[in-house]
Amino acid sequence: MEQYNVTGMSCAACQTRVEKAVSAVPGVKSCAVSLLTNSLGVEGTASAEEIVRTVENAGYGASLKNSSSKSNNGKTKNDSDSLKDTETPKMKRRLIASVILLVPLMYVSMGHMLWNWPLPSFLDGNHVAMGLYELLLAALVMVINQKFFISGFKSLFHKSPNMDTLIALGATASFVYSVFALFAMSGKVVSGETEKIMYYMNQFYFESAATILTLITVGKLLESKSKGKTTNALKSLMNLAPENAVLLVDGNEVAVPIENVKVGDMFVVRPGDKIPVDGVVCEGGSAVNESAITGESVPVEKSAGDNVTSATINTSGYMVCRATRVGEDTTLSEIIRMVSDASATKAPIAKIADKVSGVFVPVVILIALITFAAWIFVGETFGYAIARAVSVLVISCPCALGLATPVAIMVGNGIAAKSGILFKTSASLEQAGRTQIVALDKTGTITTGIMKVTDVIPADGISESELIDVAYSLESKSEHPISKAIVAYGNEKNAHAFETTDFEISSGNGLSAKIDGKTIAGGNEAYITKLCHAELDFGGSRFDSASIQKQISNFSSQGKTPVLFEKENRLLGIIAVADTIKEDSSKAISQLKKMGLHVVMLTGDNEITARAIAERAGVDEVVASVKPDGKEEIIRLLMKSGKVAMVGDGINDAPALTSADLGIAIGAGTDIAIDAADVVLMKNSLLDVAAAIRISRATLRNIHENLFWAFFYNVIGIPLAAGCYVAAFGWSLNPMFGAAAMGLSSFCVVSNALRLNFLRPYNSKRDKKVKNPVSGKLIEIPNELRNDTSNTKESNMKISVKGMMCGHCEMHVKKALEAIDGITSATASHEKDEVTIEASKEVDENAIKNAVTEAGYEYAGICE
């Protein structure tokens with residue numbers, strides 16, 4: 001998304017005008033204008049020059065945000081300037097000057113007329129002088145606040161009237177009619193008609209014109225100050241990165257500007273210093289405070305080989321690090337970009353307000369004209385009709401409608417960013433609060449994703465050290481998580497590694513190799529049994545087939561994975577490993593359930609193991625034995641029951657994250673998962689899922705309050721200003737009070753949004769259940785999505801293969817065929833020129849033929 005600064009916008013009507021104009025540009029896929037940050041976000045192929053030209057033709061100014069030079073902390077001068085509050089000081093000066101002129105104007109026009117306050121001698125009894133005095137002061141106030149007139153009439157001429165148009169028309173109408181009354185009164189002074197003189201004196205609205213502009217400026221000043229506070233979170237993120245880094249050059253420490261740091265440079269971080277760019281620790285170690293990025297206040301220990309992140313603080317030790325990501329690629333820059341992009345996008349809930357804002361000003365002008373005509377028609381004076389029409393113009397406030405959603409979104413995004421929760425778009429912030437079902441990937445999300453050895457049970461006649469030595473030797477050549485767990489355990493026990501040969505992997509089943517010419521293997525029960533052709537020697541009375549089954553069942557019921565090891569068809573023992581549940585997973589799931597959400601766990605584990613973990617975690621439903629590529633379809637099935645948020649961290653979670661109504665990636669996960677997700681959690685904690693939903697719900701509630709106030713204010717205020725309640729209640733509204741109400745309406749909306757800053761995202765005491773909660777078992781996994789073959793019948797077939805001469809040829813063909821997806825085993829006979837194949841699913845004959853041919857033998861077809 002390309003972002004632009006837009007100048008000259010004053011209300012939601014301006015925002016709508018810019019959006020319509022840019023959306024019509026060829027090549028623009030989507031665009032969103034933020035009145036809050038005065039920015040424009042555009043997706044598509046249209047050139048920057050074309051976008052800028054279109055905005056300027058619409059009557060506003062525009063510039064590309066990243067057109068300025070960018071420093072290595074990913075922050076541009078332009079970025080900072082876009083958030084810098086330049087309007088408030090100008091408005092403050094205008095307000096002071098306006099008030100200085102308004103006080104003497106009000107003294108003469110209101111004080112003398114209503115309370116008979118004494119006048120200066122040069123005005124006392126001189127009605128024409130009083131009129132000229134008021135005209136002069138009112139005109140000066142209008143000149144000081146000429147911005148309203150320039151913007152208002154410019155927009156009117158572009159056929160896109162905005163809030164400034166309403167103010168300009170109201171003030172102009174008051175001033176012009178007052179000038180007419182002054183000339184008319186002057187004529188009556190000459191003719192000596194005292195009664196008419198007093199009548200026209202009462203028709204002066206100079207003070208109304210000046211007061212309207214002054215009070216609107218007061219409201220705008222308060223609104224501007226409040227709006228500035230809503231972007232504090234983004235400003236603080238931009239100010240996190242240090243300006244300098246200390247590089248290690250030829251053994252010497254050299255301080256350089258951060259923009260001079262390049263990938264591969266070695267830099268030094270002393271205690272108390274901020275880490276300038278993302279890197280990896282090469283020497284030394286320390287505890288690093290990562291609260292600026294993750295929101296976690298407890299320092300994290302770092303040593304050689306660990307990654308460090310820009311803008312985090314070294315609290316104790318001395319470290320030498322190598323830069324790995326600089327400039328726009330640093331974690332901090334990505335966070336700033338995400339928060340900024342989220343603020344530049346529109347939430348779906350804002351569409352109603354946008355539609356109303358698009359026609360609001362023309363409708364208000366029409367209502368003002370009808371009001372004027374109606375009062376003239378019923379016989380009221382010209383001055384009274386003007387006052388009512390002006391009141392309608394100045395009380396109407398499209399700004400409140402335009403600000404209702406973006407201010408709440410900005411504050412909500414800021415709170416989330418401080419907690420290490422990043423919403424990529426405004427739509428994702430809204431969607432999180434509407435979630436009904438939370439689907440959690442098991443490995444790395446509910447659990448740590450790190451397997452650990454929990455039990456070691458050697459067979460009779462086998463010592464524990466002997467079992468560990470063999471397992472360590474076999475598993476050390478594999479990168480599988482189970483293998484890593486056994487190797488780590490072996491390292492703890494100082495296991496001896498034997499030299500292995502003929503190492504083979506049976507994906508998803510186990511490993512085999514040879515030690516001193518003797519075959520060893522490790523894997524699940526089915527693999528070991530098949531490998532030994534059901535001739536496994538259980539090694540004495542301690543183990544037999546029944547006890548093995550019982551032990552495996554016990555391990556599975558505890559959520560553990562048993563690995564059997566054999567040597568020359570003799571069982572050596574069982575090593576059980578397990579993926580441990582994160583400390584806060586159960587608490588987080590409990591909070592999600594308290595919110596009325598249905599929590600589902602997705603896993604490729606078998607049903608027994610999955611249910612054991614699910615019971616400890618406390619989820620509502622388990623979908624077990626899911627194929628890695630089946631999660632996406634499971635999410636689609638769940639979406640039939642309600643709004644689904646998918647939480648995952650792995651590459652295989654990316655399709656499911658994309659398919660779900662809301663994808664949430666654990667920050668410790670893969671880049672692919674993070675790219676596919678709508679929300680990124682910087683900490684590896686499920687508590688952040690509950691916090692994200694909490695923030696979203698609070699933001700949505702705040703938006704509803706703002707929209708209600710904005711609509712309620714205009715629905716009640718406009719009829720009051722028009723005089724609709726005069727006949728029934730005698731209520732009417734002076735234009736000055738209408739202007740005050742208009743100025744304060746936007747301030748109220750922004751102030752209400754700022755209340756979100758008091759939200760405590762991790763406090764679950766006020767959690768309420770979601771509307772329309774779902775319950776019960778939502779899904780029955782189809783067999784085609786299952787990861788195991790327990791419910792699938794194996795099919796057998798025989799093929800004829802020519803050219804096999806010996807046992808080695810048989811093994812060669814066996815290997816080639818078992819490498820095909822779906823073939824569980826292949827038994828070859830060179831004497832019969834046949835191969836018996838067992839398959840878990842239908843296998844393409846061409847795949848079998850190609851495998852045999854590539855192995856160097858002749859495929860002769862399927863045997864009858």
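Mentor: A residue is called buried when its relative accessible area is under 20%. Keep in mind that this is a predicted model.

Trainee: OK. Is Val801 buried or exposed, then?
Mentor: Val801 has a relative accessible area of 0%, so it counts as buried.

Trainee: Where does Val801 sit?
Mentor: In strand S27, which covers residues 795-802.

Trainee: And what is Val801 in contact with, leaving aside its neighbours within four places in sequence?
Mentor: Asp833, Val835, Val852, Tyr857 and Glu858. Take Val835 from that list: Val801 and Val835 are 34 residues apart in sequence, and their C-alpha atoms are 7.0 Å apart in space.

Trainee: Switching to helices. How does H18 pack with H19?
Mentor: H18 is residues 464-475 and H19 is residues 481-492. Their axes are 9 Å apart, at an angle of about 130 degrees. That angle makes H18 oblique to H19. The crossing of H18 past H19 is left-handed.

Trainee: Which residues meet there?
Mentor: From H18, Glu464, Ile468, Ala471, Tyr472 and Glu475. From H19, Ser483, Ile486, Val487, Tyr489, Gly490 and Asn491. The residues of this contact between H18 and H19 divide into six nonpolar, three polar and two charged.

Trainee: What about H13 and H15, what angle do they cross at?
Mentor: Roughly 160 degrees, and the axes come within 9 Å. H13 runs over residues 351-377 and H15 over residues 398-418. Angles over 145 degrees count as roughly antiparallel, so H13 is roughly antiparallel to H15. Their crossing is left-handed.

Trainee: Which residues make that contact?
Mentor: H13 supplies Ala353, Val356, Ser357, Phe360 and Val361, and H15 supplies Pro398, Leu401 and Gly402. In the contact of H13 with H15 there are six nonpolar residues, two polar and no charged.

Trainee: Last one, H5. What length should it span?
Mentor: H5 has 18 residues, 127-144, and at 1.5 Å a residue it should span 26 Å. The C-alpha atoms at its ends are 26 Å apart, which agrees.

Trainee: Which residues of H5 are buried?
Mentor: Ala129, Met130, Gly131, Glu134, Leu137, Ala138, Val141 and Met142.

Trainee: Why look at how such residues are spaced along a helix?
Mentor: An α-helix has 3.6 residues a turn, so residues three or four places apart point the same way. You can go back to the H5 list, with Glu134, Leu137, Ala138 and Val141 among the buried residues, and look at them on the model.

Conventions. Residues are numbered from 1 along each chain as its sequence is written. This is a predicted model: local features need pLDDT of at least 70, side-chain atom pairs count only at pLDDT 80 or more; totals for chains, interfaces and linings use all residues. Side-chain values use heavy atoms; hydrogens and water are left out. Axes are lines fitted to C-alpha atoms, for helices over the stretch in contact, and angles run from 0 to 180 degrees between N-to-C directions. Helices (H or I, at least four residues) and strands (E, at least two) are DSSP runs, numbered from the N terminus. Angles under 35 degrees count as roughly parallel, over 145 as roughly antiparallel, 65 to 115 as roughly perpendicular and the rest as oblique. A crossing is left-handed if the near helix is turned anticlockwise from the far one by less than a right angle, and right-handed if clockwise. Contact means heavy atoms within 4.5 Å. Ala, Val, Leu, Ile, Met, Phe, Trp, Tyr, Cys and Pro count as nonpolar, Asp, Glu, Lys and Arg as charged, and the others, Gly among them, as polar. The expected span of a helix is 1.5 Å times one less than its number of residues. Buried means under 20% relative accessible area, exposed over 50%, partly exposed in between (1.4 Å probe, protein chains only).
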